[in-house]
Amino acid sequence: LFGQPWLSPIYWTLFIELVFYILIALLFSAGALRRVAVLSLLSLALVAATALPVQLRIHGIANLPVQYLGMHLSFLFLGLLLRLWLVERAPGARIAALALVVAQVVAVPSVAAFSLARGDNFIMEGLTPVLTAYALAFVIFMAAVRFDRPRSLLLSRIGLISYSMYLFHWPVNITVYRVLPLTGQIGDIATMLICSGLV
């Protein structure tokens, strides 16, 4: 946000979450948290907030700053729209969710070449892996909701600890690596198991 690198390469996502929670609180206080039209317009505006500055730069119209915050936030709002559609059956939520998916599928490729050329890591390895992962995640999510599967105690337990693993894996790994540095050899498996066990 301020042009400075993150203290840790994993914690930038926490900033995205905090902004999302602030927006959710504002929507709730305004009585708009379940208003599909408001959520739809906000989500589409967030996508445009990323794609439009990139397009203006590419075509030499304006040299606006580029941030991917809007695109990241739009994915979180997609989750809310999908809940309103699939769980709460809110009128208009299906169209709003699908419109947002289409906007995201159009916007991501529109910024991919710019991101790759700039090396800003929004698109890291290329467009195909990103779109494939997006499509697979969407299909798996929709299938899981549709078929109410999987129902797994193991997956539930992993879900309970996954957020703390995300938060603490980096400091734990760095500490363990100081004692047992990675060598690229088979012994690294033991080091990774120790890290996993401590997290």
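At 27% relative accessibility, Phe-75 counts as partly exposed, where buried means under 20% relative accessible area, exposed over 50% and partly exposed in between (1.4 Å probe, protein chains only). The model is predicted, so local features need pLDDT of at least 70 and side-chain atom pairs count only at pLDDT 80 or more, whereas totals for chains, interfaces and linings use all residues. Residues are numbered from 1 along each chain as its sequence is written, and side-chain values use heavy atoms, with hydrogens and water left out.

Rings of Phe, Tyr and Trp (its six-membered ring) pair if their centres lie within 6.5 Å; planes under 30 degrees apart count as stacked, over 60 as edge-to-face and the rest as tilted. Helices (H or I, at least four residues) and strands (E, at least two) are DSSP runs, numbered from the N terminus.

In total, four aromatic pairs are counted by this rule. Phe-20 and Tyr-21 form a tilted pair, because their ring centres are 6.0 Å apart and their planes stand at 55°. Phe-20 is buried at 13% relative accessibility, whereas Tyr-21 is partly exposed at 47%. Ring pairs link Phe-20, Tyr-21 and Phe-77 into a cluster.

Two or more lining residues come from each of H3, H4 and helix H5 (127–147), and H5 gives the largest share, five residues. By class, the lining has ten nonpolar, two polar and no charged residues; Ala, Val, Leu, Ile, Met, Phe, Trp, Tyr, Cys and Pro count as nonpolar, Asp, Glu, Lys and Arg as charged, and the others, Gly among them, as polar.

Helix H3 also contains Gly-79, which is partly exposed with a relative accessible area of 37%. Gly-79 and Ala-97 are 18 residues apart in sequence, and their C-alpha atoms are 8.6 Å apart in space. In the loop between helix H3 (69–86) and helix H4 (93–118) lies Arg-89, which is exposed at 61% relative accessibility. Most residues other than glycine have a negative phi. Arg-89, although not a glycine, has a positive phi of about 55°.

The chain as a whole has seven helices and zero strands. Its C-alpha trace spans about 55 × 50 × 35 Å along the principal axes. Of its 199 residues, 30% count as buried. Among contacts (heavy atoms within 4.5 Å) between residues at least 6 apart in sequence, 60% join residues at least 24 apart.
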